[in-house]
Amino acid sequence: MTLGTHRYALRTTWTGNRGTGTSGYRDYDRASTVSVEAKPDLLASSDKPFRGDPTRWNPEDMLLAALSECHLLSYLHACVTAGVVVVDYRDEATGTMQEDGRGGGAFTEVTLHPVVTIADESMRAAAEAAHAQANAWCFIANSVSFPVHHQATILVADPVADRA
């Protein structure tokens, strides 16, 4: 296996100047555009409690999404190596951020709630174990300073329904 250093780049452009810049706390919009070459732009803002646009992605959403997506991709890889056939996967991730009263704050925990459907009951134990392997492999989970919990549900595909 080759070990390497991977570099990532993106551009974040503030688009919220209402004409007077940051002349006052209420005088500017928190809108921005996140761009990565050859990918669709991501319209972003701060979260609504911080005067943001609730229709746009905010940093907290993006952190939660990164953890959920990283676990998904690591989990699928762990399942392939363990001989588990995953036929469906969805996650309802939740996270808690606590403000510190000084203008800052931090996430205190994230819980992933993956619901995984596997092809056969005989794969259940390996499918359950693959979550621990995925957590160990997830670059994003290994980069944060708060716990990332997993409350997984494993379902078995109904072969009769699949034929319909």
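Here are some worked exercises on the structure above.

This is a predicted model, so local features need pLDDT of at least 70 and side-chain atom pairs count only at pLDDT 80 or more, while totals for chains, interfaces and linings use all residues. Residues are numbered from 1 along each chain as its sequence is written, and side-chain values use heavy atoms, with hydrogens and water left out.

**Exercise 1. Work out in which order the strands of the open sheet lie, and which strands form its edges.**

Solution. Start with the terms: helices (H or I, at least four residues) and strands (E, at least two) are DSSP runs numbered from the N terminus, and two strands pair if DSSP finds at least two bridges between them.

Step 1: the order is β4-β7-β9, three strands with mixed pairing.

Step 2: β4 (86-91) and β9 (153-156) pair on one side only, which makes them the edge strands.

Step 3: look at β7 (residues 114-118), which is parallel to β9 over four bridges. Within β9, Thr153 is the bridge partner of Val115.

Step 4: from one strand to the next, the twist averages 15°. Axes are lines fitted to C-alpha atoms, for helices over the stretch in contact, and angles run from 0 to 180 degrees between N-to-C directions.

**Exercise 2. Find which strands helices α1 and α2 lie across.**

Solution. Contact here means heavy atoms within 4.5 Å.

Step 1: α1 (residues 59-82) lies across β4, β7 and β9, and runs at about 160° to β4.

Step 2: α2 (residues 124-137) lies across β7 and β9, at about 150° to β9.

**Exercise 3. Determine how many residues the largest nonpolar core has and which element gives the largest share.**

Solution. A nonpolar core is a set of buried Ala, Val, Leu, Ile, Met, Phe, Trp, Tyr and Cys residues joined through side-chain atoms within 4.5 Å. Buried means under 20% relative accessible area, exposed over 50%, and partly exposed in between (1.4 Å probe, protein chains only).

Step 1: the core has 13 residues, and those with the most contacts inside it are Tyr75, Val84, Val116, Ile118, Ala127 and Ile154.

Step 2: α1, β7 and α2 are the elements that give two or more residues. The largest share, four residues, is from α1.

Step 3: apart from this core lies another, of ten residues, including Leu64 and Cys138.

Step 4: zoom in on Val116. Leaving aside neighbours within four places in sequence, its contacts include Tyr75, Tyr89, His131 and Ile154.

**Exercise 4. Classify the ring pair of Tyr75 and Tyr89.**

Solution. Rings of Phe, Tyr and Trp (its six-membered ring) pair if their centres lie within 6.5 Å; planes under 30 degrees apart count as stacked, over 60 as edge-to-face and the rest as tilted.

Step 1: the count by this rule is three aromatic pairs. One of them, Trp14 with Tyr28, is edge-to-face, at 6.2 Å centre to centre and 80° between the planes.

Step 2: for Tyr75 and Tyr89, the centres are 5.7 Å apart and the planes are at 45°, so the pair is tilted. Tyr75 is in helix α1 and Tyr89 in strand β4, 14 residues apart.

Step 3: Tyr75 counts as buried because its relative accessibility is 0%. Tyr89 is buried too, at 16%.

**Exercise 5. Locate Ala38 and decide whether it is buried or exposed.**

Solution. Step 1: Ala38 is in the loop between β2 (32-35) and β3 (42-44).

Step 2: its relative accessibility is 84%, so Ala38 counts as exposed.

Step 3: check the backbone. Most residues other than glycine have a negative phi. The phi of Ala38 is positive, near 70°.
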